[in-house]
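Reader: I'd like a close look at a single part of this one, and then how that part sits in the whole chain. Here is what I have open.

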Amino acid sequence: MPLDPVALLPLFIESPFQQGYVRSIIYVSLYVSCTAVALSTLVSIPVALVMGFTDFPGKQFVKSIINTGMGFPSVVVGLVVLFTVSNQGPLGPLDLIFTKEAMIMSQFVLATPPITAISLAALTGVDDNVRDAARALGGTRLDTALVVIKEARYGIATAVLAGFGRAISEVGSVLIVGGNITSADGISQTRTLTTAIQLEARQGQYDTALVLGAVLVTLVLLVNGIVVRLGDTEAVNR
């Protein structure tokens, strides 16, 4: 028999929502990912600007490290961060193990390479005629840099959104450093959308897993839609 959407509706509004379980998971996911991406942006954009406008010894080596970081295994990042915040690690006295702060650290490490690399590609991809025109009009080096940044702004915004997409969909590293913990009343402490989906599916709670999956897919599609829209806007402006 065909499935009746109305009959399935109670699955999406029963106890998990009443107890705030799903809401708390969404909150933790957005809090951790947005904070990590914001911190990563504050580091990645200046690094991309320095690399895009200056030449220095070892520049190609730094580029290779950034490119390698884009494909670095997330579980390895999780292990490194776990060691760093463990009792034996350098940040052990801060008692960060299995906390949101540790999850932010792991997502920061994962989001920084793509934001830096895509921002750098956007800056270096600006037509040389734009730089030449700025210099011909008497612009200083700073003026030229500001013009290039304005031309590359859509690419930089795309880089930030790509970093957010990498962070919000991460499961391996946040599971290792966060522990997938909820409180006694079922409210998420370090459980994210991805780790909750894994747990709920393993326990046979497919209704809750489907709800969480739908929320995650919606967020990812929203981010991808913004990226596509920015790309289309940039193409039209050019």
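Is leucine 39 buried, exposed or partly exposed, and what is its relative accessibility?

Author: Happy to. First, the ground rules: this is a predicted model, where local features need pLDDT of at least 70, side-chain atom pairs count only at pLDDT 80 or more, and totals for chains, interfaces and linings use all residues. Residues are numbered from 1 along each chain as its sequence is written, and side-chain values use heavy atoms, with hydrogens and water left out.

Leucine 39 counts as partly exposed because its relative accessibility is 41%; buried means under 20% relative accessible area and exposed over 50%, with partly exposed in between (1.4 Å probe, protein chains only). Its place is in helix α3. Helices here are DSSP runs of H or I with at least four residues, strands are runs of E with at least two, and both are numbered from the N terminus.

The areas come from the Shrake-Rupley method with a 1.4 Å probe, and for residues only the protein chains shown count as cover.

Now for the inside. The largest nonpolar core has 30 residues, and Ile25, Ile115, Leu123, Leu193 and Leu212 have the most contacts inside it. Such a core is a set of buried Ala, Val, Leu, Ile, Met, Phe, Trp, Tyr and Cys residues joined through side-chain atoms within 4.5 Å. Two or more residues each come from α3 (21-53), α6 (100-124), α9 (153-168), α11 (193-202) and α12 (206-237). The most come from α3, which gives seven. Leucine 212 touches Val22, Ile25, Leu193, Ala196, Ile197 and Glu200, leaving aside residues up to four places away in sequence; a contact means heavy atoms within 4.5 Å. There is also a second, separate core of 13 residues, with Val28, Ala36, Val77 and Leu110 among them.

Another spot worth a look is isoleucine 176, in helix α10. With a relative accessible area of 23%, isoleucine 176 is partly exposed. Beyond four places in sequence, isoleucine 176 touches Val75, Gly78, Leu79, Leu82 and Phe98. Phe98 itself lies in the loop between α5 (74-85) and α6, and has a positive phi of about 55 degrees although it is not a glycine. Most residues other than glycine have a negative phi. Asparagine 180, in the loop between α10 (172-178) and α11, also has a positive phi, near 60 degrees. Asparagine 180 is buried at 12% relative accessible area, whereas phenylalanine 98 is partly exposed at 39%.

Stepping back, the chain has 12 helices and zero strands. Buried residues make up 40% of its 238 residues. Of the contacts between residues at least 6 apart in sequence, 72% join residues at least 24 apart. The chain exposes about 12800 Å², with carbon and sulfur atoms supplying 67% of that.
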